[in-house]
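Subject: Structure handover

Hello,

Here is the structure we spoke about.

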Amino acid sequence: MPNSPVAPASVREVVESGLCIGCGLCEALAPERWVMRMTDQGRLRPAPVSDEGPDADASILAACPGAVAEAVPRGEKNDDVWGSYTHMGEAWAGDPDIRFRAATGGVLTALGVHLLRAGKAAFILHCAADPERPMRSRWTISETPGQVVARAGSRYGPSDTLAGLEAALARNAPFAIIAKPCDAGAVRARAKADPRLDRLLVAVLVMVCGGASDLGKSLAVLEALGVDEDEVTLFRYRGHGNPGPTRIETRDGRVFEKTYAEMWADEAGWRIQSRCKLCPDAIGDAADIAAADIWPDANPTGEDDGFNGIITRTPEGQALMQAAVAAGDLVLGEDHGPRDYDHFQPHQLRKKQAMAARLRGLAAAGRPVYRHAGLRLDLLDSCDAEEEAGACKRAKQGRFDEEVPRK
Ligand SMILES: Cc1cc2nc3c(=O)[nH]c(=O)nc-3n(C[C@H](O)[C@H](O)[C@H](O)COP(=O)(O)OP(=O)(O)OC[C@H]3O[C@@H](n4cnc5c(N)ncnc54)[C@H](O)[C@@H]3O)c2cc1C
Ligand code: SF4
Ligand code: SF4
């Protein structure tokens, strides 16, 4: 790999250096040593329940997104920025109800539903609102189309979908995962050590991802409304329209809505986690299919019926998209190309170009850096000295530092 001089040597080091995204894989692989906990910073992180150690945790570090990020190109075309793909274009769910409820046009939900209906998957591993505390998310297994649809929508906070990976594999039945791009990379890396994944995992579906806020973003919304978290019965971040409102309901019948613009106007309040600011793989290079928003300059121009961008990245992803279209579960609109995505996702383009410099800045500060391959960071390197110096300064100031939570 091009830059492996200071890869993190332990799960603790991943967390302490701000490289953990809280995917939950360590709890799945070693529940006797790690359990996911919400930290005081509002981030899901692994807490040790027994002895830690690089030797014991070698299998975790081989797939942890804080230690390794890689993708293997398997599409028919290649773009330096947007990676390997076979098809890029507009798409939405064939079922108008899914299209309405979902975050954008319901592509991810429609594909999950298609896999279940066609008998290609027995269940979907993904995440959903915690029924006890609906502002928070937790991993879940959906066995019916109705469950997948009920759990549609983007969750803008911590999510540990991969904490359910071993439970999924233990079912010994074909399944799909809907998750974040960093989760997809972890699953692919894990497949090198666990042959059950090649046998049972039929599709890895992701959203293109601008970053996961910590819980403080949602708590700030409640605080501004004068609502306590234990009063909340619904916290829907978007959907029921595209983008749809953020909607909060309480036990005593109060209802609050904020528009997408109101929710995200103040970028300083997004509280994006550190791994996201250092993310090399937010566009789903490691997935079979990535779904995105396709607003000009990443800003919704108003409410619409819901139009996703869809990027197929593997032969399996391309075949799944075609089968879903043939079954009427998915509808395709106009084709796109990579330069359309530069326009839809300018923040992703800037991030890809800045990442090599940010990682150099971390290394210069003596901080560990994940190993990466197949993500074109060196090819796209902007060689931006300010980015590098800024990352180095922030690292030295301790801005990426985190504490490992207690059990
Ligand atoms: C944190 C976050 C940041 C995003 N940033 C961007 C961006 O920069 N650019 C862009 O184009 N799109 C972004 N999106 C994606 C966008 O909001 C839609 O999710 C995407 O267009 C898919 O729409 P859909 O209608 O197909 O999804 P749906 O059909 O509603 O399905 C969403 C699926 O994703 C799963 N899911 C939801 N939230 C999470 C989560 N936090 N972690 C893991 N799984 C989850 C759900 O379980 C569900 O199965 C982001 C989404 C999230 C959650
Ligand atoms: S990124 Fe995932 S695997 Fe790595 S330490 Fe965090 S929770 Fe564990
Ligand atoms: S920005 Fe990257 S690290 Fe953050 S949640 Fe999205 S894919 Fe994961």
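This is a predicted model: local features need pLDDT of at least 70, side-chain atom pairs count only at pLDDT 80 or more; totals for chains, interfaces and linings use all residues.

Residues are numbered from 1 along each chain as its sequence is written, chains are lettered from A and ligands numbered from 1 in the order in which they are written, and side-chain values use heavy atoms, with hydrogens and water left out.

Ligand site. Ligand 2 is surrounded by 13 residues (a residue is near if one of its heavy atoms lies within 4 Å). The closest are Cys 20, Cys 23, Gly 24, Cys 26 and Cys 64. Helix H1 (11-16) and helix H2 (25-29) each contribute at least two residues to this shell; helices are DSSP runs of H or I with at least four residues, strands runs of E with at least two, numbered from the N terminus.

Helix H5. Ten of the eleven residues of H5 (residues 107-117) are buried, so the helix is largely enclosed by the rest of the structure. Buried means under 20% relative accessible area (1.4 Å probe, protein chains only). Among them are Val 107, His 114 and Leu 116. Just after H5, Gly 119 has a positive phi of about 75°.

Strand E7. E7 (residues 123-129) is largely enclosed too, because six of its seven residues are buried. E7 pairs with E8 (residues 137-142) in the antiparallel sense over six bridges (pairing needs at least two DSSP bridges between two strands), and His 126 stands opposite Thr 140 in E8. With E9 (residues 175-179), E7 pairs in the parallel sense over three bridges; there, Ile 124 has Ala 176 as its bridge partner.

Regards

Terms used
Buried means under 20% relative accessible area, exposed over 50%, partly exposed in between (1.4 Å probe, protein chains only).
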